[in-house]
Amino acid sequence: MTDTSDPPAPREQRPDDASGADSSPPAPGPAGDRAAAVAGTSAAKGGAAAEKGRLGPPPWLAGGFLAPALILLGLLVVYPILYTIWRSLFDADGDTFVGLDNYAAMFTDSATFTALKNNAIWVAVAPALITACGLIFAVLTERIRWAAAFKIIVFMPMAISMVAAGVIFTLVYDHSPERGVLNAIAVGVHDTFASPSPYPGVRPREQGSPLRPDGGGFSTTAQVRPGQPVTLPLVALAPAKQQGLKAAKAATAEPGAVTGTVWADFAPGGGKPNQIDGNEKGLPKVEIEALQGGKVVATTTSRDDGTFRLAVPDGSYTLRLAESNFTPPYGGVTWLGPNLVTPAIIGAYVWMWAGFAMVLIGAGLAAIPRDALEAARVDGATEWQVFRRVTIPLLAPVLVVVFVTLVINVLKIFDLVYIMAPGSSIQDANVLALRMYLVSFIGESPDQGLGSAIAVVLFLLVLPAMIFNIRRFRSEQG
């Protein structure tokens, strides 16, 4: 049978078919070269179209927005650093180039060496102590009901400035137990276990007294014998202390014993020195010792009316009022003295920053998968083993970040030391930042060349910790 249908019409050449035509290998010779040129032109046009269709602003616009920040960064950071390095190479006036002499002077100066030593103590103690406290607080807050209130209390010092914290702890460390909280506690504990002396500050008259100083106590200037009454007058007893005391009574002579009276030889209205007047008070509970050849042979205590009796064999004796009768009351600890000022200031710093460490470490604890902890407990691990072998390793990145951040802050510590250290201890509490300030701006002849050298050294000490932190942040983000 013959097919009478019309033959298919030829397909129209569409623009899309150009790609198909171009996909065939070009003919060799001049025709092939023309095809390659056409293909290159098409590719260039496609790249230009892609460039025109790129999302986002052009690079020059981004640079325009960044320019103000870069200018401020250069003016406030880069320029001061470079100028400080340049200034450290000149003398105090900034006129004479001295090279590295300021650095040599810095490392041979005893005050700067003390500042370096104190900075080393700060770096070794404060970050580790704060990190440990923050870890303990963060773990505790997961196991107590009132965790929110506890976190607020611990973190609240972070809202206080360093100056305010310094003023607060200056009062806390005050040497007077009436004002200093720590010394009030120390005195209370001490007096609980050791009774204070009954008559602190009491003494004999400076002239004409039968007593003379003997160490912390007082001894008779003349030898005494049994059967001879002795008078031991004392002064400087506060009137409030005399209230409730009985009137002094003259002792009677007794054979085979040394007798006498200890009394407060002063009363309103006057009286004769070294004689018992009617309105003068006897001193009870005074310890009296009889010495012969430098050795104590008998001891007694005065009665309520001040009289006493020492049974001794015949001979010559020296009577001594023991030192324990007049020992000054315990006044507490000199927290801000030369020996304890740096640990005391570190304690104030720990109080301020423990909350910061607690919050960061608490966030790290919240991110720890609980199934790992429960698996360790199911395997029979104790809570201490879970904490030491599971929790701590998983928290290691957070702990490192907290520790390094605190190292950077500790190296720059200034205001807390400046506020808390008294004038008598400021050289013992000195740190590099404070030393830089004192050398550069305080005193009759400030030396900004040496101060700039100290600033450069401080910058070099902080720089490695900053680089470490930046690299760690980048690695975590990557």
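## The largest pocket

Helix H3 (59–87) gives the most to the lining of the largest pocket, with 8 residues. Helices here are DSSP runs of H or I with at least four residues, and strands are E runs of at least two, numbered from the N terminus. This is a predicted model: local features need pLDDT of at least 70, side-chain atom pairs count only at pLDDT 80 or more, and totals for chains, interfaces and linings use all residues. Residues are numbered from 1 along each chain as its sequence is written, and side-chain values use heavy atoms, with hydrogens and water left out.

About 340 Å³ of space lies in this pocket. Of its 18 lining residues, the closest to the centre are Pro80, Ile81, Thr84, Met436 and Ala455. Helix H14 (432–441) and helix H15 (448–477) also each supply at least two lining residues. A pocket is an open set of points on a 1 Å grid over the protein atoms alone, where a 1.4 Å probe fits, with protein on both sides within 12 Å along at least five of seven lines. Lining residues have an atom within 4 Å of a point. The volume is the space filled by probe spheres set on the points, which are joined across faces, edges and corners.

## The chain as a whole

The chain has 15 helices and 8 strands. Buried residues make up 35% of its 478 residues. Buried means under 20% relative accessible area, exposed over 50%, and partly exposed in between (1.4 Å probe, protein chains only).

The chain exposes about 28100 Å². Carbon and sulfur atoms supply 64% of that area. Accessible areas come from the Shrake-Rupley method with a 1.4 Å probe; for residues, only the protein chains shown count as cover. Among contacts with a separation of 6 or more, 69% join residues 24 or more positions apart. A contact means heavy atoms within 4.5 Å.

Helix H12 covers residues 383–411. A straight helix of 29 residues would span 42 Å at 1.5 Å a residue, but H12 spans only 36 Å between its end C-alpha atoms. The expected span is 1.5 Å times one less than the number of residues. H12 bends by about 55° at Ala396, and Pro397 follows within four residues. The bend is the angle between axes fitted to the seven residues ending at a position and the seven starting there.

Helix H5 (residues 110–141) has 32 residues and should span 46 Å; its end C-alpha atoms are 46 Å apart, which agrees. H5 bends by about 25° at Trp122.

Val400 is found in H12. It counts as partly exposed because its relative accessibility is 28%. Leaving out residues up to four places away in sequence, Val400 touches Phe468 and Arg472. Val400 and Asn469 are 69 residues apart in sequence and 9.1 Å apart in space, C-alpha to C-alpha.

Thr342 lies in helix H10 (residues 341–367). Its relative accessibility is 8%, so Thr342 counts as buried.

## Positive phi in two loops

Ala236 is not a glycine, yet has a positive phi of about 70°. Ala236 lies in the loop between strand E3 (230–234) and helix H9 (239–242). At 44% relative accessibility, Ala236 is partly exposed.

Lys285, also not a glycine, has a positive phi of about 60°. The loop between strand E4 (257–264) and strand E5 (287–292) holds Lys285. Lys285 is exposed, with a relative accessible area of 64%.
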